[in-house]
Every structure is written in C-alpha cells, then in structure tokens.
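Reader: I am new to reading structures. Please take one part of this one and walk me through it closely, then show me where it sits in the whole.

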Amino acid sequence: MIGIQELLTSIEVGLILGVVAIGVFMTFKTINFADMTCDGSFVSGAAVTAVLIRNGANPYFVVLASMIAGGMAGVLTGILNIRYKVADLLAGIIVAYTLYSVNLMVMGNVPSIAFVDHRTIFSDSALPAVVVVTLLVAAVTCMMFSGFGLKLRAVGYNRQFATTYGIDVNKMTVLGLAMSNAMIAAGGSIFSQFQGFCDVSGGFGMLVMGLASIMVGTSILHFKREPLLILSCVTGSILYRIFINIALHSDVLGIKTQNLNLVTGLIMIGIMIMKGGVKRNAKAK
Amino acid sequence: MLKLSKICVRDTLKFLDLSVAAGERVLVVGGNGTGKSTLFGVISGRATPEHGNVIVDGHDVTMIPACRRTHAISSVLQDMKAGMIEEMTIMENMKLAYMRAGGSKVSKADIDTFKSKLSIFGMNLESRSHEYVRNLSGGERQALSIVMATSANYKLLLLDEVTSALSQRVSDLVMHSIDEITSMEKTTCLMITHDTRYMYSFGDRTLEMKDSVLREVPRST
C-alpha cells in the first residue's frame, strides 16, 4: 500500500494536472473539438517556464507567460481548422508535431533544462501552487457560468443553433481552443516548476491522461449543471493519480512503472464499458 | 421591410423578386423542391445568392453572414433540433435567445415576458423553466423555439414549416399561438407551410412558389 507522503504527492500532482484535464475538457466536451495540440502545448508551457525561470523571472508571471504561449498554439490550430479547413484532429496533430521543434528552439536546442536551484512557486511550500490552481479552476468555472460560457457550450452542442442565434461559431471555436491550450500550458508550467526541470518529451501522453481524468471524474461526480463538471475534472485527475499510485505500489498486482500506459488504457476501457452497460440498461428499461 | 431583387441561386431561384411591408404577415406555399427553404436561406444568410440583393429595413445585407443578421432576422427552422439545445434547460435556451441582441445578461422583465409568451401555448412550459429540453414533447419544443425566436428585438420573423412534424391538434394550437404573438407584436413575418388548411386563414396574403417565381394566390373574401 502507499504511504501518507505518497498519497499527498499523488493529490498534489493530480491537482496540478487537473488544470490540464480542464483544458482537455474545454475542447473535447465544451466546444466539441477533438484537439490533439495538448501534448505540444503542455511542453510549450514547461519550456517557456524553464527558460524564463533560469533567467530570473517571477514564477507567477511565468505561469501567465506560459498561458500566452499555449493560447497561441491553440489559436494556430483554430486558424488551420477554420480558415484553411484542415480537419480538427489533423490540425491539432500538425501543430503538436511542429511544436516539438519550436519547444526545442525555445529551450536553446537542448532536450531538457533543470532549474531546481531557482526560485519557483514551490520554493517555500506547496500552498502558493494550490492557490494558483484554485484560482485557475475558479476562473474557468465562473467563465462557464457566464453568458460567454453559455455561448461556448452552445457552439459545442449545436453549431446550427449557435449560428441561428447570432453566435460567431468560428470566433468562439478559436477562443475555446486558445483558452483550452492556455490552461494546458499553465498545467505544464506548474508541473515543470513542481519537478524543477523541463523535458522536451514531457508532454507525451498528456492528452490521454487528461481524457482519463475526465472519464474518472465525470463517472464519480456527475453534476447536472455542466459548468460544475470542471470540478469533476480536477477530482478525476486526483483520483486517477491515486489509482495509478496504488496500482504501482501494489505487490499483489505486480505492476511496474513501464506498465503505466497499459494501466491507464485499461482504466479508460473499463470506464467506457461500464458507461456503455449503464446506457444499454437505461434503454432496455 | 424586406425587399429581394433579382435573386439567383443555382437552378433553384431565378431572378426572384419579393417585397414585404412592415407588419405584414405572408404565407409561402409550394411543392417540394421549388426553392422555398432556399429562399429563407438567402434571407437569413445561410445561403449566398449568385446574383441580386437582400434589403432588410433599408440595409443591404446580401453579403452579411448569418450570425450577424440575427439581430434583425429571427428564424424557426423546419428541423426542431436546430432551434434549441436539447442538453440545456428551458431557462438556458431562453438566455441564449435574449443574448442574440448583443447583451450577456437577461433581466427579470425579459424572463417575465418570456414566461408570459410561453403561457400563450397553454402547455405549462412557463412553470418548468429548469426542465431539460430533451424531456419535452415535439409540440412543446416547437412552442419553445417559436417563443425563443420572438424574444429580443428583431425586425423580421421567418417560420419554415413549423408544424410539419406535429399532430393536427398541436399544429392548430401552435398556429393559433403564432397568430396571437405575431398580431400582438405587429411582427413582419414570412411563413412556409405545406399545410393547405392554413393557406387562406393565416396572415395577410399568400404566395405560391412555382418555377422559381412567386405568384400571389387570391384569397376568397
């Protein structure tokens, strides 16, 4: 079994990566756009953070700068899709692929940068990071409850309705992608500050992790009011981390670190099968 | 209020002219594939004409995209799903309808007006504002989409076969309520219907679409 310290670390990492899960939720669920930019924009956030922190920048300002970088990546995906009619999946894949080189350039053409000895939001305690994450979660939840959030959700649910009621679907899609990738990059920034280093390959699997968190969260905490599902994403991220940690520390299961993707995949398949069963039963009734 | 001149859309509409005065309610009838829905598409901005102009309230809106015409033109489409969001509540749909006018908040007076319009349909929708739209029947959904379309400020209302998927009893109720709302608000309205029962009873005049041309159908006095 895992100890208290490992449990606390799981909660901490889950909370930080909950910001990434929110970003993924905003595209996949809110605006109904299968955005694959995530793995690239996560590293963009981390790369900007590493470079700026090594140059003595304020760690809180660095989170903001990372969000701008991530937002720009989202805008690029949006422009490819809206302006040049590239399919959503492909637009995200192209941008994420391209970002690998861009992130390397930002990092001065070195694959990893360590900044353990520099000042970060974790330097004194974990509390400032918890405050930053809470503020980000609160900001997105408030936005989702606002008129703007309602329009954003309308675009995801029914584009024809949105056009009929004067919502500029293209503009809202680009804004949704920008905000989503800004959140993902913020997650990358905070996570790299937590680790004290940035790796150019560190974003691999982040999208799947985000989706797994959403599945776990929305299965356990299914709020009727959709804006509250943002809280399900964070809860899901924390629970996902705890599940993974328990699985890796279980002698009975014998799972090793290299089996992490297998465990994640099995968790996702399990949830989807369970959800499918519930839907079938509901239809049968 | 509405003036179409020499509108051409592929083989569907050929040099079509139409003029509707402010406060006038016009019924458009015609067989399948004659271009009635294309005509509405051109007016609302969902279809772009290859030739001709669309003038609404003195402004040429021919090249203005659909989403920027909604402050002047309100539509209820044939496809009920396009007129509302099933995954949202009646109240949330209402907010979106009012936000069409440009604001981001809905006042208490707006909510009261919306509920009083819903009560015209006699379906008790006004007391179920937190009900999800997916739980409503076809007639209730159409009633909601009509009230949403007549919310906020608009200059022209387009109704595209709004009773086609409804039973005769509900159709009569919906048509009666549309008549009441549009008369009360002196709405300029253009309505497409296949239902010949309303051909002479609704609105001020009837036009028939045939061979890409609109002809006046005389009404018996």
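**The sheet of chain B and its surroundings**

Author: Start with two strands. Strand E1 (residues 2–9) and strand E4 (residues 51–56) of chain B pair in the antiparallel sense, over five bridges. Keep in mind that the model is predicted.

Now look at what packs here. Helix H1 (residues 36–44) of chain B lies on the sheet and touches E1, E2 and E4 of chain B. The direction of H1 makes about 120° with that of E1(B).

Next, take in the whole sheet. It is open, has four strands, and runs in the order E2-E1-E4-E5 (chain B). The pairing is antiparallel. Strands of a sheet pair through backbone hydrogen bonds, either parallel or antiparallel. Which strands stand at the edges? They are strand E2 (13–20) and strand E5 (59–60) of chain B. Each has a single partner strand, so one side of each is left without a neighbour in the sheet.

Step back to chain B. Chain B holds five helices and 10 strands. Its radius of gyration is 17 Å, close to the 17 Å that the globule rule gives for 221 residues, so chain B is as compact as a globular protein of that length. Along the principal axes, its C-alpha atoms fill a box of roughly 45 × 40 × 30 Å. Of the 221 residues, 46% count as buried. Consider the contacts in chain B with a separation of 6 or more: residues 24 or more positions apart account for 69% of them.

One helix of chain B deserves a stop. Helix H2 (residues 90–99) is mostly covered, with nine of its 10 residues buried. Among the buried ones are B:Ile90, B:Met94, B:Leu96 and B:Tyr98. B:Glu92 and B:Lys95 are on that list too. What covers them? The cover of the buried residues of H2(B) includes helix H3 (108–120) and helix H4 (138–149) of chain B, together with H6 of chain A.

B:His194 lies between strand E8 (188–192) and strand E9 (205–210) of chain B. Is B:His194 buried or partly exposed? B:His194 has 14 C-beta neighbours inside 10 Å, so this residue counts as partly exposed. Setting aside residues up to four places away in sequence, B:His194 touches B:Glu161 and B:Ser164. B:His194 and B:Glu24 are 170 residues apart in sequence, and their C-alpha atoms are 20 Å apart in space.

Cross over to chain A. The contact between the chains takes 16 residues from chain A and 19 residues from chain B. On the side of chain A that touches chain B, helix H6 (147–157) and helix H7 (159–164) are the elements that give two or more residues. The largest share, six residues, comes from H6(A). By class, this side of chain A has seven nonpolar, seven polar and two charged residues.

What is chain A built from? Chain A has 11 helices and two strands. From the N terminus on, its elements run α-α-α-α-β-α-α-α-α-β-α-α-α. The radius of gyration of chain A is 19 Å, close to the 19 Å that the globule rule gives for 285 residues, so chain A is as compact as a globular protein of that length. Its C-alpha trace spans about 55 × 45 × 30 Å along the principal axes. Of its 285 residues, 47% count as buried. Among contacts in chain A between residues at least 6 apart in sequence, 79% join residues at least 24 apart.

Now go inside. The largest nonpolar core has 146 residues, and those with the most contacts inside it are A:Val19, A:Ile22 and A:Met183. Helix H8 (residues 169–195) of chain A gives the most to this core, with 13 residues. Follow A:Met183. Beyond its neighbours within four places in sequence, A:Met183 is in contact with A:Val19, A:Ile22, A:Gly23, A:Met26, A:Leu136 and A:Val140.

End on one last residue. A:Cys142 lies in helix H5 (residues 127–145) of chain A. A:Cys142 has 12 other C-beta atoms within 10 Å, so this residue is exposed. A:Cys142 and A:Leu228 are 86 residues apart along the chain, and their C-alpha atoms are separated by 9.5 Å.

Note on methods. Residues numbered from 1 in each chain as written. Chains lettered and ligands numbered in written order. Predicted model: local features only at pLDDT ≥ 70, side-chain atom pairs only at ≥ 80, totals over all residues. Buried ≥ 20, exposed ≤ 12 C-beta atoms within 10 Å, placed from the backbone. Core = buried A, V, L, I, M, F, W, Y, C linked by C-beta atoms within 7 Å. Contact = placed C-beta atoms within 7 Å. Rg over C-alpha atoms; globule rule 2.2 N^0.38 Å. Nonpolar A, V, L, I, M, F, W, Y, C, P; charged D, E, K, R; others polar. Pairing = 2+ DSSP bridges. Axes fitted to C-alpha atoms, helices over the stretch in contact; angles between N-to-C directions.
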